[in-house]
Amino acid sequence: MPHSVELVDTRSRPSYEGDYDSSSSSESTHMSRFQSRRSHFLIPPSVPSGHSSVASSASSTPIPSRSGSPLPQFLVNSRPVLSTTSDTDSDPATATLLRNRNPWRQERRPWWQMSRRSRRRPGRTWRFLNRWAKRIVRHPLFPRQPITIVLSLILLSLFAIFLTLLLMYILNPDKDPLPWRAYCSMPSMNSPPDPYNPSLYHDPYYNHSIGMMTPPFPHDELDALPPAGLFVGVFSTDSSFERRALVRSTWASHPRSREGAGDGDDGVGTSRTIVRFILGQPRKDWERRIQLEMEEYNDIIILPVAENMNAGKSHTYFSWASINAWVPPVYMKTPVAPPLFSYSNASKPPPPLSSHDPSHAWQDISNPHPQSWVRPDFVVKVDDDAFVMLAELEARLRLEIHAKPPADASSAHRTIHRRSDTSLRHNNGSYRKLLNVMLTNPYPTFQEQDPLIYWGYLVTNRLHRFMAGELYALSWSLVDWVARDPSVKELTRGAEDKQTAKWMKMHPQAEKVRWVSERCWIYDHPRAGTVYGHGFLFPSEVRRVRKHLFSALQRLLSSGTSSYLSSSSWIPQTQAISLPSSSKSEQFKVEELLTPYGTTPASWAHSSVSTFHARYTPPVSDLSTLESIEALVEGSEMSLIRPDTSSALSVTSTQDTVSRAWANREGRNVRYEGKRVGGTIVVHFIKQNTWFLETALALLEGEDYTEAESQKEDVLEDCDSDETLNTFPGQRTIGSLDLPYATYAETVRYGRR
């Protein structure tokens, strides 16, 4: 019968006479052959004469070897599938040897049977990187000496710094100074609509189309409205004790900050305005000092969050305010009754007062039965490097809380790019009509909806649209929604002012949120050198700026046929102030000048005090303290002084010029045009305490009437009685009939021609 052939272990072979004397010799010989794996793998082993590597179970006689394989030896499977009926199957030693012989050859599949995925070797990317790293390290130019390694690291650092600065410059949207003169003159530039969603932006001050000037502020009916409740939170840190002390002694308590210019209003407007400092958890070294400061002033709020700027502090502040923010009630009766909202009935006993709280609150708390405090109409977030005029802020927000948004805001915004026409006036800026309705019905019912107002300085660039973080205000309904909405809590990290804008766009009624911008009266300190910076601004200078741009727009719109307008034609031909013309021949399209996003002339960004990306230097080096403050006022004669170095008598002439400019300066009554409010709201980017004190002197101090104005009081009375051309209703006139927009000093200098 046929026999199956099987490889057998050498230890089971019979010993042959004449070759080896014992089976141990045969075993050692075959084991040595097995150990030489390479020779067995490539070259078949030679069999000695008289021996056979294959045995039969029936006979021990050697049989011829099997026929050769058509494939090479190293491609033949080293373990052929053979079967046998011999007794060697029962030998465990033989089975173990066959299993352990070349195990890697037993499990490996032929390369032609492998899939493409299985042929991919693990760590291929790592080996590739390792190989190229070795090539770079072995390159002759690779530094190996210590001095060359240090120089290489320095070069790499310089390259990284250069690349970082280049990317910052490319991504920075603030490369050119902003046209602040247009912001103060044209409402379309002050509050530009969103081209993708115009209905998000409703500006009550935007009551004229393109080509018209901003109406005067304040409205005549401002004092007839009840004051708005403001909770102002100043973001500070545990180590900023000096800045908190400056805030307490200046704009948080100063009468001219709380009452306004002139005789003021006896603090009625800010009688519901509360200022508190917002801190995170203080460091351990500062805990004792913060506790003592809290006991002394009663104006510090510690949030349950680590101190940070863009890691959720703003959201924690609004969440805290939704529970713990309270302001005094309306103490005085006004012709217009306070509006009733959903939060009007919430009340709480008055908390401990701070020294800079309103005087009306101190008077009320001394009564046996003080009135309960109520929820604020606005919660304001302020940075501690900002100087805030509280009366100005409250006046703007008071008008906002009583303004009625348009019924169809989207349709109103569709006409902003059309030319001026009386039929295109905005329907949301007429406060007089609104007040007439409220006066006829002094007891209004509940509003259909609480006001949704997002107020601040609107920053627009190619990436974002948001209210700048130095100061922005949210109406109470928005604050309550921000604190409760779970989706808002997921957007708390990042630039906090940009995150707040995202929250407003996530509101369930985002189309009803009024984004109200104020770009004219919020700016950076003159020494900041930023695109938002210029001199300290007052209403008298803004009126001259509006006159200049109004004349330019009249010439532009009357031409009609001209497609381009040179920047030099925008220079006003008046004796009040002359703007420098551009050295380059700039051409502008009429369509671009009439749109909020078009190119603007360089003269619209000109400042008599500061220059963008240039360190401020006073016009004269030896100015006194008050003269140096006067030189920081936009448009003042002191800021226009340029020393004459070509003359031998330059020192004497410069001193005479300084004395004349100081004598001709404007008093506060002239600068505010006889009004209580209407000027600067916020001065930002005050990085040094010296700058803070300069701002306090410029905005809070000074005489109502200068010595020269007191001597020429009769001239002012005549100017008040004159009716001038092209004046705004309700605005006080300064100057003469021939020079209606000149300052008092210019009126005296040029005479009444």
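Biologist: How many aromatic pairs does the count come to?

Modeller: The count comes to twelve aromatic pairs, where rings of Phe, Tyr and Trp (its six-membered ring) pair if their centres lie within 6.5 Å, with planes under 30 degrees apart counted as stacked, over 60 as edge-to-face and the rest as tilted. This is a predicted model, in which local features need pLDDT of at least 70, side-chain atom pairs count only at pLDDT 80 or more, and totals for chains, interfaces and linings use all residues. Residues are numbered from 1 along each chain as its sequence is written, and side-chain values use heavy atoms, with hydrogens and water left out.

Biologist: Why is the pair of Phe235 and Tyr317 edge-to-face?

Modeller: A pair of aromatic rings is described by the distance of the centres and the angle of the planes. For Phe235 and Tyr317 the centres are 5.4 Å apart and the planes stand at 90°, so this pair is edge-to-face. It links distant parts of the chain, with Phe235 in strand β1 (residues 230-235) and Tyr317 in helix α13 (residues 313-324), 82 residues apart. Helices (H or I, at least four residues) and strands (E, at least two) are DSSP runs, numbered from the N terminus.

Biologist: Are Phe235 and Tyr317 buried or exposed?

Modeller: Both Phe235 and Tyr317 are buried. Buried means under 20% relative accessible area, exposed over 50%, and partly exposed in between (1.4 Å probe, protein chains only). The two rings also belong to one aromatic cluster with Phe318, Tyr454, Tyr472 and Trp515.

Biologist: Where does the charged end of Arg396 sit?

Modeller: A charge sits over a ring if NZ of Lys or CZ of Arg is within 6 Å of the ring centre and within 35 degrees of the ring normal. The charged end of Arg396 sits over the ring of Phe217, 4.0 Å from its centre. Arg135 lies over the face of Trp132, at 4.8 Å from the ring centre.

Biologist: Which cysteines does a disulfide join?

Modeller: A disulfide is a pair of cysteine sulfur atoms within 2.5 Å. Here one disulfide is counted, and it joins Cys184 to Cys520, S to S 2.0 Å. The torsion about the S-S bond of Cys184 and Cys520 is about 95°, so the disulfide is right-handed. Both Cys184 and Cys520 are buried.
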